[in-house]
Amino acid sequence: MPEQTGSLVAAEHRGGAVAIGNFDGVHRGHRAMIDRLVAGARRAGHAAVVVTFDPHPLSLLRREQAPPPLTTIAHRTELLRGLGVDAVAVLPTTRELLHWTPAEFFERVVLGELQARCLVEGPNFCFGRDRTGNIEVLRGLCAAHGVALEVIEPVTIDGQWVSSSAIRTLLLAGEVDSAVQMLGHPYRLSGRVVRGAVRGRTLGFPTANLDDCRTVIPGSGVYAGQCWARDRSFAAAIHIGPNPTFAEHHGKVEVHLLDFSGDLYGQWLHVDLLARIRGVQRFASLDALRQQLAEDVECVRRLCGSSAATGPTATS
């Protein structure tokens with residue numbers, strides 16, 4: 001394997017059923033594939049293994065065209081393991097790897113590292129140099145080496161093919177509700193809490209300001225969600241985008257954890273977005289803003305339920 005020490009998977013996970021892909025977002029299409037993978041592996045008494053890539057190949061080939069990820073590798077692995085797979089292998093994307101022909105990739109990874117007996121893939125799976133290995137090339141390689149191949153049908157919602165790119169487009173447009181429907185789970189943002197202008201505390205709605213978010217930041221708006229901090233979950237109102245009331249035109253991610261106070265500066269927060277409440281707007285007065293924030297909080301309570309009695313948040 002390129003630039004890697006040790007084996008891709010443990011010995012007990014070789015010789016099983018394998019699915020290979022980016023699996024960014026672990027959406028409903030991915031889940032259909034993994035469900036089939038796990039079911040087949042269990043019937044045959046084999047391990048179910050998922051192989052994903054880090055970073056995205058385009059980040060090496062054409063960085064300016066590389067899509068922002070929907071999931072960090074850690075969260076992607078967590079979601080995949082939650083679907084019942086026995087192992088999630090992260091294959092480091094290197095220039096050497098990207099220059100392998102489809103046959104070289106198949107021989108070195110599928111046969112050599114994984115010793116796969118079965119592959120489960122989607123119809124648009126591509127692999128090898130310049131993505132020249134399509135599903136028909138894979139079918140031929142599998143037949144030549146006695147590896148079973150199952151190609152599952154794409155998942156559609158209201159006639160639209162569920163895909164990472166479609167979800168990315170929805171998120172950037174602020175359509176989190178539709179994105180969550182395609183994902184099959186909340187959309188997670190993670191970031192480090194930094195100090196802000198402390199206006200939220202003055203208004204009675206302290207917020208945790210998130211920086212260094214490494215996944216797609218949805219379009220401007222106010223969202224309802226759950227915030228994970230110190231291994232606990234709190235209902236949250238999330239403001240994404242500029243703050244025109246205070247003539248701030250740069251985008252920010254601000255999270256108000258319902259009913260709590262405390263200090264999480266410098267900590268990492270995980271925020272699971274569920275639905276969009278409203279757009280960003282300019283208010284004529286602080287009283288008008290405060291009233292709207294109170295309405296936002298009540299909307300979050302209806303959508304997410306009340307928070308627990310105690311717990312931390314960062315004020316700013």
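**Pockets and a glycine loop**

The largest pocket holds about 1,200 Å³ of space. Of the 41 residues lining this pocket, Asn22, His56, Asn124, Cys126 and Arg131 are the closest to its centre. The model is predicted. The second largest pocket has a volume of about 280 Å³.

**Largest pocket**
- By residue class, the lining of the largest pocket has 20 nonpolar, 13 polar and eight charged residues.

**Second largest pocket**
- The lining of the second largest pocket comprises 18 residues.
- Nearest the centre of the second largest pocket lie Asp54, Pro55, His56, Pro69 and Arg76.
- Two or more lining residues of the second largest pocket come from β2 (48-54), and two or more from α3 (73-82).
- The lining of the second largest pocket splits into seven nonpolar, six polar and five charged residues.
- His56 is listed for both pockets: it is among the residues closest to the centre of the largest pocket, and among those nearest the centre of the second largest pocket.

**Gly146**
- Gly146 sits in the loop that joins α6 (135-145) to β5 (148-151).
- Gly146 counts as exposed because its relative accessible area is 66%, and the cut-off for exposed is over 50%.
- In sequence, Gly146 and Gly241 are 95 residues apart. In space, the C-alpha to C-alpha distance between Gly146 and Gly241 is 53 Å.

How values were computed:
Residues are numbered from 1 along each chain as its sequence is written. This is a predicted model: local features need pLDDT of at least 70, side-chain atom pairs count only at pLDDT 80 or more; totals for chains, interfaces and linings use all residues. Side-chain values use heavy atoms; hydrogens and water are left out. Helices (H or I, at least four residues) and strands (E, at least two) are DSSP runs, numbered from the N terminus. Buried means under 20% relative accessible area, exposed over 50%, partly exposed in between (1.4 Å probe, protein chains only). On a 1 Å grid over the protein atoms alone, a cavity is a set of points where a 1.4 Å probe fits but cannot get out, and a pocket is an open set with protein on both sides within 12 Å along at least five of seven lines; lining residues have an atom within 4 Å of a point. Grid points are joined across faces, edges and corners, and a volume is the space filled by probe spheres set on the points. Ala, Val, Leu, Ile, Met, Phe, Trp, Tyr, Cys and Pro count as nonpolar, Asp, Glu, Lys and Arg as charged, and the others, Gly among them, as polar.
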